[in-house]
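The following exercises concern a single protein chain.

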Amino acid sequence: MGIALSDEIKRLIDSPNFAHLATVMLDGSPQSAPVWVLREGDRILVGTSEGSLKGKNTRRDPRVALSIVDFHDPYMEVQLRERVVERRPDTTFVVKDTTARKYTGQEFPWRNPEGQVTLVIEADRAKFAKLPFNHAPAGPKTA
């Protein structure tokens, strides 16, 4: 059973913030990919295909890590250590379309139903941080 997520963490997941999902490769090295996420209670949903690295790696080793940074305030973040607890087929794109609408306002554009799956993830550890910085990059220097 996973831990309960705080309201701050739920807000970051529920907003259209990009997440990075790390999985474990066969040789033990990490693999990280940007992903879209949904939330179902205290569980996180990630759509992928069984043939992707995310799909293959999590079938063999369900341990994952997820980081999310607030789109408008990159100094607000969450870091999660988790595990995939369920794999749900999504051949009708119910989850993929819901997720795509959250991030793009449109349905998911690639419609190959073969091997589509939703990874259902529970957190074992969670850390929320709001660092005391303002994002104001200087930009490129001109000659």
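**Exercise 1.** Against which elements do the buried residues of helix 1 pack? Identify these residues and describe how they are arranged about the helix axis.

*Solution.* The model is a predicted one.
Step 1. Helix 1 covers residues 7-14, and its buried residues are Ile 9, Leu 12 and Ile 13.
Step 2. Viewed down the axis of helix 1, the buried residues fall within an arc of 100°, so they line one face of the helix.
Step 3. Asp 7 and Arg 11 are exposed and sit on the face of helix 1 turned away from its buried side.
Step 4. The packing partners of the buried residues are strand 3 (38-40), strand 4 (43-49), strand 5 (63-69), strand 6 (76-89), helix 3 (94-104) and strand 7 (116-130).

**Exercise 2.** Characterise the chain as a whole: in what order do its elements run, and how does its radius of gyration relate to the globule rule?

*Solution.* 
Step 1. The chain contains 3 helices and 7 strands. Read from the N terminus, the order is α-β-β-β-β-α-β-β-α-β.
Step 2. The radius of gyration is 16 Å, close to the 15 Å that the globule rule gives for 143 residues, so the chain is as compact as a globular protein of that length.
Step 3. The C-alpha trace spans about 50 × 35 × 35 Å along its principal axes.
Step 4. Of the contacts between residues at least 6 apart in sequence, 70% join residues at least 24 apart.
Step 5. Buried residues make up 36% of the 143 in the chain. The accessible surface is about 8,600 Å², with 56% of it belonging to carbon and sulfur atoms.
Step 6. There are 21 positive and 19 negative side chains, and the centres of the two sets lie 3 Å apart.

**Exercise 3.** Which residues of helix 2 and helix 3 are buried, and what covers them?

*Solution.* 
Step 1. In helix 2 (residues 53-60), the buried residues are Lys 54, Gly 55, Asn 57 and Thr 58. Their cover includes strand 1 (19-24), strand 2 (30-35), strand 4, strand 5, strand 6 and strand 7.
Step 2. In helix 3, Val 95, Lys 96, Asp 97, Thr 99, Ala 100 and Tyr 103 are buried. Their cover includes strand 3, strand 4 and strand 7.

**Exercise 4.** Consider the backbone at Phe 93 and Gly 105: what phi does each take, and is each buried or exposed?

*Solution.* 
Step 1. Most residues other than glycine have a negative phi. Phe 93, which is not a glycine, has a positive phi of about 65°.
Step 2. Phe 93 is found in the loop between strand 6 and helix 3. The relative accessible area of Phe 93 is 3%, so the residue is buried, the cut-off being under 20%.
Step 3. Gly 105 belongs to the loop between helix 3 and strand 7.
Step 4. The relative accessibility of Gly 105 is 57%, so this residue counts as exposed, for which the cut-off is over 50%.

**Exercise 5.** Where does Pro 62 lie, and which residues does Pro 62 touch, not counting those up to four places away in sequence?

*Solution.* 
Step 1. Pro 62 lies in the loop between helix 2 and strand 5.
Step 2. With a relative accessible area of 36%, Pro 62 is partly exposed.
Step 3. Leaving aside residues up to four places away in sequence, Pro 62 touches Glu 82, Arg 83 and Val 84.

Conventions:
Residues numbered from 1 in each chain as written. Predicted model: local features only at pLDDT ≥ 70, side-chain atom pairs only at ≥ 80, totals over all residues. Heavy atoms only, no water. Buried < 20%, exposed > 50% of the residue type's maximum accessible area, 1.4 Å probe, protein only. Helix = DSSP H or I, 4+ residues; strand = E, 2+ residues; numbered from the N terminus. Arc of directions from axis to C-beta. Contact = heavy atoms within 4.5 Å. Rg over C-alpha atoms; globule rule 2.2 N^0.38 Å. Areas by Shrake-Rupley, 256 points an atom, 1.4 Å probe, with all protein chains shown as cover. Lys, Arg positive; Asp, Glu negative; His and termini not counted. Charge placed at Lys NZ, Arg CZ, Asp CG, Glu CD.
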